[in-house]
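Grab a pencil and let's work through a few exercises together. Try each task before you read its solution.

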Amino acid sequence: MTISLVLIGLMVVLYACGIYLMLERSMTRVLLGFLLVGNATNLLILTMSGGYGAAPILVGGVESDDVSDPLPQALILTAIVITFGVSAFLMALIYRSWRLANEDVVYDDADDLAMRSRSIISEDETEEETVSDTEFGEEAEAAVTAISDSSDAPADVQGDGRDS
Amino acid sequence: MNALVPLVVLVPLLGAAATLILGRSPRIQQLVTIGALTAALGISLALLIIVDASGPLTMVVGGWEAPFGIVLIVDRLSALLLVVSAIVLLAVLLFSVGQGLADGDNETPVSIYNPTYLILATGVFNAFIAGDLFNLYVGFEILLVSSYVLITMGGTEPRIRAGTTYIVVSLVSSILFLASIAMIYGALGTVNIAQISVRVEEIPADVRLILHLMLLIAFGIKAAVFPLSFWLPDSYPTAPAPVTAVFAGLLTKVGVYAIIRTETIMFPLPELNTVLMVVALLTMVIGILGAVAQADIKRLLSFTLISHIGYMILGVALGTVAGLTAAIYYIVHHIVVQTTLFLAAGLIERQGGTTSINRLGGLLKAAPVIAVLFFIPALNLSGIPPFSGFIGKLGLFEASAQVATPMAYVLIGAGALVSLLTLYALARVWNMAFWRSADEVKDYDSTLLTELTEAPNGAVMTAKRTVPRLMTAATAGMVVVSLSLTVFGGLLYGIAARAGENLNGPTRYVEAVLPEEAR
């Protein structure tokens, strides 16, 4: 049984990039990471089917060695469909999150933060803590204000004004 | 008789299709949903009776013989869980119908809620009868995708935020599960669960360990086992009350079910039992410590949910028939009781306008029925005799004592401690929300006032203070079911014992699925 080294290399790269992206706070990157990891897993299934290069069709006169295993390919097809559906849902979720908060960033849980600072009732403090926790950090703030100043709509208008 | 097996999946799925078509007429849609789930309950009951009398039923989809075709199998464990999930799904559906009738369907918009709910039921049922690892994956995906929709229902900001955590974690566990299926196929050349168990002894021990671990991690995330449980308390409490109730009751248990199948049929060797015991210990203790620190009832209940998953893992980790029996009984008990508690929390939220125990008070006087409906399952979960929690925990402790290793005794001690801490956490809720009078509540006006001024529909908040009868009735029904777990305890424990006996080694399962020459 021969295994394509290129496929394995590609799988490794896809897994590495995908996992790196999934660790980001921005949901769009998480989505991209999920797509990469999903495809890497599909490649893993394909690699596990053994040899490569042959069609999964058994026709008259073909030796069984010249046929590749059809089952993993069927599994991959199912997995692709599931990944497709889930990514569509994720995109809707990201869009909704963008419409609501003008951000697609994953926040720390407010209750966890409250628990950490041992103040369950004073929710105002935790509110501040979460909002300052964006992906940009302090140093990119100037650029963000510059962009939002230059654009026509003010930054806190819901949705559309922030596309620039 | 075998034709009943796929029906349990087909009926809710076709029901979902019908409800999608009937999107314009919500009342007919609700009737169809209730009808489909009632039918599914009837089929599950029939399956349980048949399977308990005459052994497992199998069905090979598409006519290809096992191990090539997709096998559906119902044994005693599957049938029992099918019945319990159908009961829970039906009760929660009635609860949400009651809520929808009273609120004008804002919280759970019927046209989306009902089809999604039925698809969730399809996924749960499919996972319970899958005889094929990939079919189990598909079952998981069906229930997960519909749970994504349900948990973000309404699309408000906190729900989107909570849903994001839930969805990303679920995606990771799904990918991990898929990757382990790929590895298992690579190592064993099959995804049929029975054939995996035949071939697993032929592969080197280290490869087997990796496959075993990968599957356990993937299922461990779904079952919310420590340290893979962090996502649960962040995501469950924000969803609508009925959704949280059904998630808490069923979704984690599907993960536990998959762990049982992994431990007893696919990888029956005791190589990871000690690891599982440690995990069970940590899940129990750390889960309940989280619950003790919480001030919000729903979050507190989410932590007790995690904590009590530990008991089930303990039963599985013991690796004996007695342990499995107790674990199976405990799963049934916990599905019913945890759902009931979340439904009761939903009633509390309706009555008091919040689930924070710092802001609730005087509920015993204001709503004595809700007080009873909360009190009984709370005692039940803490393991007070004669409730089913006591029977389940006693069974687990007995099974551990039979194993009689030092670790098993440590687990008995931890189990007893966790049971007491559960009682403490729930008694705190009882004292704060029900027992003390309303004027003892500090910051009562200030917090509520700000909430009322911030909420655009502040008038509706006060109008909501009446609890619809159907919601109370559904919760009361679940309390009755939880009590019947004690009344029919002997019968149920008998079924659980026979189910545990079936899982003693994979032979019975393999004989039921594979033809003679393929074993």
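**Exercise 1.** How many helices and strands does chain B have?

*Solution.* Keep in mind that this is a predicted model. Counting along chain B gives 22 helices and 2 strands.

**Exercise 2.** Work out why the radius of gyration of chain B agrees with that of a compact globule.

*Solution.* Start with the length: chain B has 519 residues. For that length, a compact globule would come out near 24 Å. Chain B has 22 Å, so the two agree. For the outline, the C-alpha trace of chain B spans about 75 × 55 × 40 Å along its principal axes. Now look inside: 59% of the residues of chain B count as buried. Finally, take the contacts in chain B with a separation of 6 or more: 79% of them join residues 24 or more positions apart.

**Exercise 3.** Describe the side of chain B that touches chain A.

*Solution.* First, the head count: 30 residues of chain B are in contact with 31 residues of chain A. Next, the helices: α5 (133–151) and α6 (157–188) of chain B each supply at least two residues of that side. The largest share comes from α6(B), with 16 residues. Last, sort that side of chain B by type, and you get 16 nonpolar, 7 polar and 7 charged residues.

Terms used:
Residues numbered from 1 in each chain as written. Chains lettered and ligands numbered in written order. Predicted model: local features only at pLDDT ≥ 70, side-chain atom pairs only at ≥ 80, totals over all residues. Helix = DSSP H or I, 4+ residues; strand = E, 2+ residues; numbered from the N terminus. Rg over C-alpha atoms; globule rule 2.2 N^0.38 Å. Buried ≥ 20, exposed ≤ 12 C-beta atoms within 10 Å, placed from the backbone. Contact = placed C-beta atoms within 7 Å. Nonpolar A, V, L, I, M, F, W, Y, C, P; charged D, E, K, R; others polar.
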